[in-house]
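Reader: I have the model open and want to go through the interfaces. Can you take me through them?

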Amino acid sequence: MNILTGNDLKTGEVVWWDGQNWSLSVHDAVDVGDMGEQILAAEEAARRVNVPYALVASRTEEGVRPAHIKDRVRALGPTVRRDLAVPTASKTGWDWVI
Amino acid sequence: MTDLGTSPDEVQFRFRDDEPADHGTVTVDACCDQTNATAVRIEPGDDARVLLPFLDRLALVEVNFPSFGDGRGYSAARILREAGYDGELRAVGDVLIDQLSHMRRCGFDAFAPDKPLDEGDARRALEGFGNVYQSAADARKTIQELRHE
Amino acid sequence: MYQYDQYDQAMVDARVEEFRDQAQRRLDGKLTEDQFKPLRLMNGLYLQLHAYMLRVAIPYGTLNSRQMTALGDIADKYDRGYGHFTTRQNLQYNWIKLEDAADILADLSKVEMHAIQTSGNCIRNISSDHFAGAAHDELIDPRPYAELLRQWSSFHPEFTYLPRKFKIAVIAAETDRAAMRLHDIGIQIVKNDAGEIGASFYVGGGMGRTPMIAPQIREFVPLDQLVTYAEACLRVYNRYGRRDNKYKARIKILVHEMGAEEYTRQVEEEFAHLLEQGVEPPLAELERIKPFFADPAFEDGPKSVDRSDPDFALWVDRNTVRHKHDSYVSAVISLKPVGGIPGDATGDQMRLMAKLAKQYSFDELRVMHTQNIVLPHVKIADLHALWTELEAADLGAPNLDTIEDIIACPGLDYCALANARSIPLAQRISENFAKNGRTEELGQLKLKISGCINACGHHHAGHIGILGVDKKGTENYQLSLGGSEAEDVSLAKITGPGFDEDGVIKAVETVTDVYLEAREDGERFLDTYRRIGMTPFKEALYD
């Protein structure tokens with residue numbers, strides 16, 4: 001699946017496109033098919049998201065799993081500070097990241 | 001021949017009292033070949049120093065910033081002022097609010113941005129810093145000079 | 001140490017308001033991200049993997065207890081209770097909100113600090129010897145010269161949109177503790193045959209994807225021409241540095257492609273021209289700055305410690321360094337607890353270090369490029385009391401310059417550019433050697449880890465270097481040997497094919513085994529490597 005991520009302009013928090021809005025949880029991410037570029041352009045222009053980009057992910061039993069390790073670290077938090085994990089994403093274990 | 005340059009009505013900010021030059025602006029190469037050119041346009045890769053023999057006849061030097069992140073034009077401006085050029089030095093192209101004060105310090109005294117700038121934001125940006133740490137093309141005394149007056 | 005006068009304070013305050021205005025224009029949509037990015041970077045604000053990151057400048061790595069306390073308070077008030085000391089003697093906060101950034105800068109300005117030019121394609125914060133003013137082997141304190149250059153480089157109108165970032169280091173000892181020749185400009189303050197003080201200029205060094213050692217381009221620049229010479233070096237770079245490819249835009253590439261001789265010729269020509277322009281600040285300014293760095297009132301006292309507590313004796317042996325006054329030492333507070341995150345400190349730890357600096361070190365602290373903190377002037381008589389408090393706060397690791405004293409960049413755990421994680425490697429390697437007990441036996445061994453080719457973790461300069469790369473979506477690590485950032489500067493060489501995480505941890509053990517087997521009396525790992533070469537290490541790693 002193709003999903004979208006970016007950062008909140010004001011707070012810098014990592015956000016994921018849930019079809020209507022930007023969510024803090026990677027597991028809310030929806031497949032945007034080939035609409036990615038269009039949504040990104042509109043959302044960025046409206047300043048509802050900053051520096052957004054599209055990426056590939058898969059839906060697993062544990063939720064939405066980005067294909068690249070960098071985006072999994074982004075989704076969950078620094079692996080060396082597990083106390084700071086994104087609460088809504090942390091239903092997955094840390095093995096999910098690596 | 002076609003005029004490469006900006007016209008006076010494209011100049012949004014001007015810090016000179018004389019009448020703006022309004023005539024054909026040529027490339028640096030053409031300026032060196034043509035004995036009657038009085039306005040020239042410097043591109044980022046041009047060597048401003050090749051103009052030094054012709055400064056007396058120049059009334060306008062435009063320095064083009066095709067992209068604001070390319071800072072070569074700042075050096076070009078200072079080099080011309082250091083050589084005594086006192087005609088109009090016009091920054092054109094991708095000129096943004098937050099570049100204005102540095103450009104003024106490097107000797108630019110006219111600005112023709114591609115996209116007109118918010119006047120209030122521009123004034124604020126130009127007036128933000130009361131003093132300067134280094135000597136440049138403007139006549140401002142540096143903080144170090146003020147400390148040891 | 002240096003204190004702002006009304007001019008310095010007004011400049012920093014003006015910058016805070018300028019940035020507040022810029023950030024507001026971004027939030028209002030008057031600036032695009034492309035336009036805003038260089039402006040926020042020049043105020044230290046990055047957008048990282050998880051959030052905005054703010055890098056605070058610590059000019060030449062020197063700060064006082066009030067400043068360190070403020071850094072701790074900001075960590076608690078605006079971030080998640082900690083900060084990260086970097087390889088350029090700065091401090092980074094990892095979880096910053098854009099809407100708070102101007103307020104943080106305002107809090108910093110109250111203690112004479114800022115984040116000016118800690119990023120962006122401009123002249124960055126100037127680094128120096130972390131033992132400046134305390135070292136027994138220095139010619140003179142280099143920091144007044146660094147301060148002079150700090151002022152010159154701040155808001156420089158011509159050099160704010162350089163081809164790429166620009167880093168300057170200033171030292172004044174033959175021993176190089178600042179990786180001077182791996183900077184865009186390295187300056188060594190020297191004395192000439194006539195007994196005059198001046199500056200040697202080394203230009204075009206750097207790490208990153210194309211590491212280079214800076215060649216000397218001038219042996220002696222008189223002090224009343226220091227700024228003018230730097231200006232000439234920068235002007236030639238601004239005019240001719242490559243702008244067609246960001247990976248070839250650093251000055252090292254210009255110097256390399258043009259040739260050091262031709263670059264020098266052009267600098268000298270520009271220098272001769274600029275001398276006529278009167279750009280040099282009055283020499284009186286240097287004289288004004290110098291007294292800020294005068295020696296504190298040292299007192300004679302005991303010259304040795306009671307070694308009956310072996311843990312304390314070990315810490316004294318490892319973490320204290322000879323001082324120019326024989327009743328004092330410089331004490332290093334390790335931010336490398338075994339299994340910890342190199343360079344991280346909590347708000348509480350920062351406030352404690354501040355308190356200890358006030359109590360035991362004439363109110364002064366330094367940040368080392370190796371991501372530790374120095375109390376530069378500690379009475380030998382006070383060492384036990386100091387160590388006792390450090391131990392209680394998990395700041396007493398006795399491992400300066402050992403294999404546990406690892407430099408590591410934030411890596412993929414925090415950094416948007418990284419390809420692999422660095423910190424977990426550092427944690428596991430330090431745990432490994434603490435457990436197998438070889439740390440002491442290995443002696444000085446500088447291990448440096450970068451999570452990508454940009455080399456923030458200085459892997460090219462490690463006796464052992466590790467570079468994280470992306471191998472088809474998984475983390476992979478290249479091992480290199482033989483680098484040094486010191487006066488015996490050299491660039492490390494890659495051993496061969498890379499390893500996975502477990503593999504590289506094992507490989508580090510393997511190369512240390514080769515060293516212990518082959519070393520001769522008094523040899524460091526680096527010395528043995530230089531004597532026996534790569535082959536024995538390669539054989540042990542790959543055969």
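Author: Start with chain B and chain C: 13 salt bridges are found across their interface. Bear in mind that this is a predicted model.

Reader: Give me one of those. What does B:Arg147 form a salt bridge with?

Author: The partner of B:Arg147 is C:Glu285, with the closest N and O atoms 2.8 Å apart.

Reader: And polar contacts, how many residue pairs across chain B and chain C?

Author: The rule finds 26 residue pairs in polar contact there, both residues of a pair being at pLDDT 80 or more.

Reader: Which helices of chain B are on the side that touches chain C?

Author: Helices H2 (72-82), H3 (100-105), H4 (119-127) and H5 (143-147) of chain B each supply at least two residues to that side. H2(B) gives the most, with 6 residues.

Reader: What's the make-up of that side, by residue class?

Author: On the side of chain B that touches chain C there are 13 nonpolar, 11 polar and 13 charged residues.

Reader: How much area do chain B and chain C bury between them?

Author: About 3600 Å², of which 53% is on carbon and sulfur atoms. In chain B, the residues losing the most area to chain C are B:Phe129, B:Tyr133 and B:Arg147, which together make up 20% of what that side buries. B:Arg147 is also the residue in the salt bridge with C:Glu285.

Reader: How many residues does the contact take from each chain?

Author: Chain B puts in 37 residues and chain C puts in 45.

Reader: Switch to chain A and chain C. What's the salt bridge count there?

Author: The count between chain A and chain C is 0. Polar contacts are found, however: 14 residue pairs across that interface, both at pLDDT 80 or more.

Reader: Which elements of chain A supply residues to the side touching chain C?

Author: Strand S4 (50-60) and helix H2 (69-76) of chain A each supply at least two residues. H2(A) gives the most to that side, 4 residues.

Reader: And how do the residues on that side divide?

Author: Into 9 nonpolar, 7 polar and 7 charged.

Reader: Buried area for chain A and chain C, what is it about?

Author: About 2300 Å² is buried between chain A and chain C, 59% of it on carbon and sulfur atoms. A:Lys10, A:Lys70 and A:Val80 supply 24% of the area that chain A buries against chain C, more than any other three residues.

Reader: Last one: how many residues are in contact there?

Author: 23 residues of chain A are in contact with 32 residues of chain C.

How values were computed: Residues numbered from 1 in each chain as written. Chains lettered and ligands numbered in written order. Predicted model: local features only at pLDDT ≥ 70, side-chain atom pairs only at ≥ 80, totals over all residues. Heavy atoms only, no water. Contact = heavy atoms within 4.5 Å. Buried area = accessible area lost by both parts, 1.4 Å probe. Salt bridge = Lys/Arg side-chain N within 4 Å of Asp/Glu carboxyl O. Polar contact = N/O pair within 3.5 Å; in protein donor to acceptor, adjacent residues only side chain to side chain. Nonpolar A, V, L, I, M, F, W, Y, C, P; charged D, E, K, R; others polar.
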